Amino acid sequence: MKRTMMSLIGVAVALGAVTGVAAVAAPDGGERAARTTAGTGGARLPVQRSALLCPAPTSSEVGDTTYTAFAPKGAGAGTKKGTATLLPAGTVKEAGSSDSGGGTKNGGGKRSGKGKAGGADTAGSQTVPPRDTKPVAPLRQAGTPVTATTDSPDAPALVGAADGTLAPGWTVQQTTTIAAGSGRGLLGLSCTAPDTTFWFPGVSTDTDRQDYVHLTNPDSTPAVVDLELRGKDGTLGGSAGEDISVPAHTTVPVLLSTLTTSPTTNATLHVVAREGRVGAAVQASDSKLGSDWLPAAADPAPSVVLPGIPKDATSVRLVAIAPGDSDADLKVQLATPTGLITPAGLETLHVKSGMTTAVDLKDVTKGEAGSLVLTPTDSTSKAPVAAALRVIRGKGGNQEMAFIPATRPVEKRATVADNRDKGSTLSLVAPEKGKDAQVKVTASAGSGGGTPTTKTYTVKGGTTLDIAPPRPQGLKGGYALTVEPEPGSGPVYAARMLALPQGGVPAFTVQPLPDDRGSVVVPTAGQDLSVLTD
């Protein structure tokens, strides 16, 4: 029996590692804090391994990309020294294409990525191994970020793994600036963990947009992926997105407009890995509004929060889908610095089952930062929704777009890397009226030097707090921000905006800060496992 129990413990820890995410113990809490017994009677332990995938950044000749890797101090597994390394992945490209990079958003060749299950390559394509196999931004110690840069239009996707003390909380930010062209602007993405399903509300197959989904396989066996687009009337196109083969340790970029013959401005992409697992992110390029990454939305749920709408947003569009069997009727509220309000003319939103609904909120923030909160009009409704925002700053020919997907709450800890001396704004939202959130925010040491700084903030229930985050003393280089709710805090969600203006263009990108799930609850020896299976 004891042997069986230990095997179950190993399985639970392994499942935590498979999620590819990390860390719940406070940076100064150490292993003792991580071992706090959970309410189920199990022990909460830090993950021992985590995985991250970074898509190919761009094929632009005028693009510059910075990778920033970071792991918080104090929550690693025991005393085992950890490693965290990103390695270049191979790329599937169209036969005859001269572009061997993974990114295709800025005038690159159109690649359908179509193929059949079990094949090593996609139909009519070839797999190109990485030109360079050197590690990128390898991390050797927690608490201090490490950076790497590239200006190559052939920069590959990256497949990464961390273990030991660096596994919990390991995060990598990919930030790209493109100086000119239809994809000009600032693109930011927190590299993603591999999974088997993703929802992307807010994609487009319209003629003004080039949206590519990048599928990256971290494992040693091929993955088989299905892509489905859904518009206002349901599924778009036919079987073009079925049976896409993603070879081992390789990335496949797929142009979404090749999956349907009906150009659609507002759509939702559903990614399902039927065999294996992948990382997925959408790179969206607009001929007038620049470009950015659209991360996957949080798993569909009856209530969702979209944090961090900039105060100077000139246009905000909400795109939502109800993927279940029931329609969703939602109350729409904006959490402002002073409380929850209803946007003018939009008290409720009806989302039909299996269909995508979009609504323009215009300049909804009116000069005050805010976060969108969607809840069922009927408190007993369980109809799940997934949602995202397209946000525009600027006017006329100097406009830039970014995306804010619905995100998970910060339950224990969340981290975002690549904060600069100037340009970072942290948004904290406590969406439930009467449930204030107390949040500790830690600025790490800088990549080139500096002393960490910690500040604590109170976010009144039903409001958004928009702050210039703390900075390390004597900062040199970039730094990471770690957000931790204090014990007894109400629910809190977070997002970081990074603004790096390009001439008259207010270039920006927004990254949500979901909980990093860096620990798992495992049963203790001799525990009645029935409490875990009810």
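Analyst: Helices (H or I, at least four residues) and strands (E, at least two) are DSSP runs, numbered from the N terminus. Keep in mind that this is a predicted model, where local features need pLDDT of at least 70 and side-chain atom pairs count only at pLDDT 80 or more, while totals for chains, interfaces and linings use all residues. Residues are numbered from 1 along each chain as its sequence is written, and side-chain values use heavy atoms, without hydrogens or water.

User: How many helices and strands are there in the protein chain?

Analyst: Counting the runs by kind, the protein chain has 2 helices, and its strands number 40. The answer, then, is 2 helices and 40 strands.

User: What pLDDT does the protein chain average?

Analyst: pLDDT is the predictor's confidence in each residue, from 0 to 100. In this chain, 83% of the residues score at least 70. Residues 95–122 fall below 50, yet that stretch has 104 contacts (heavy atoms within 4.5 Å) beyond near neighbours in sequence. The average for the protein chain is 86.

User: Which residue is joined to Cys-54 by a disulfide?

Analyst: A disulfide is a covalent bond between the sulfur atoms of two cysteines; here it is taken as a pair of cysteine sulfur atoms within 2.5 Å. The search of the whole structure finds 1 disulfide, with an S to S distance of 2.1 Å. The partner of Cys-54 is Cys-191.

User: How many residues apart in sequence are the parts that this pair ties together?

Analyst: Cys-54 belongs to strand E2 (residues 49–54), whereas Cys-191 sits in the loop between strand E11 (185–190) and strand E12 (197–203).

User: Is Cys-54 buried or exposed?

Analyst: Buried means under 20% relative accessible area, exposed over 50%, and partly exposed in between (1.4 Å probe, protein chains only). Cys-54 has a relative accessible area of 0%, so Cys-54 is buried.

User: What is the volume of the largest cavity?

Analyst: On a 1 Å grid over the protein atoms alone, a cavity is a set of points where a 1.4 Å probe fits but cannot get out, and lining residues have an atom within 4 Å of a point. Points are joined across faces, edges and corners, and a volume is the space filled by probe spheres set on them. The search finds 2 cavities of 30 Å³ or more, and the largest has a volume of about 60 Å³.

User: Which element supplies the largest share of the lining of the largest cavity?

Analyst: Among the lining residues are Pro-201, Arg-317 and Leu-389. E12, strand E22 (313–321) and strand E28 (386–395) each give at least two residues. The largest share, 3 residues, is from E28.

User: Is Lys-366 buried or exposed?

Analyst: Lys-366 lies in the loop between strand E26 (356–362) and strand E27 (370–376). Most residues other than glycine have a negative phi, but Lys-366 has a positive phi of about 50 degrees. With a relative accessible area of 63%, Lys-366 is exposed.

User: What about Asp-418: buried or exposed?

Analyst: Asp-418 is in strand E30 (residues 414–419), and its phi is also positive, near 60 degrees. Its relative accessibility is 3%, so Asp-418 counts as buried.

Terms used. 1 Å grid on protein atoms, 1.4 Å probe; cavity = no way out; pocket = protein on both sides within 12 Å on 5 of 7 lines; lining within 4 Å.
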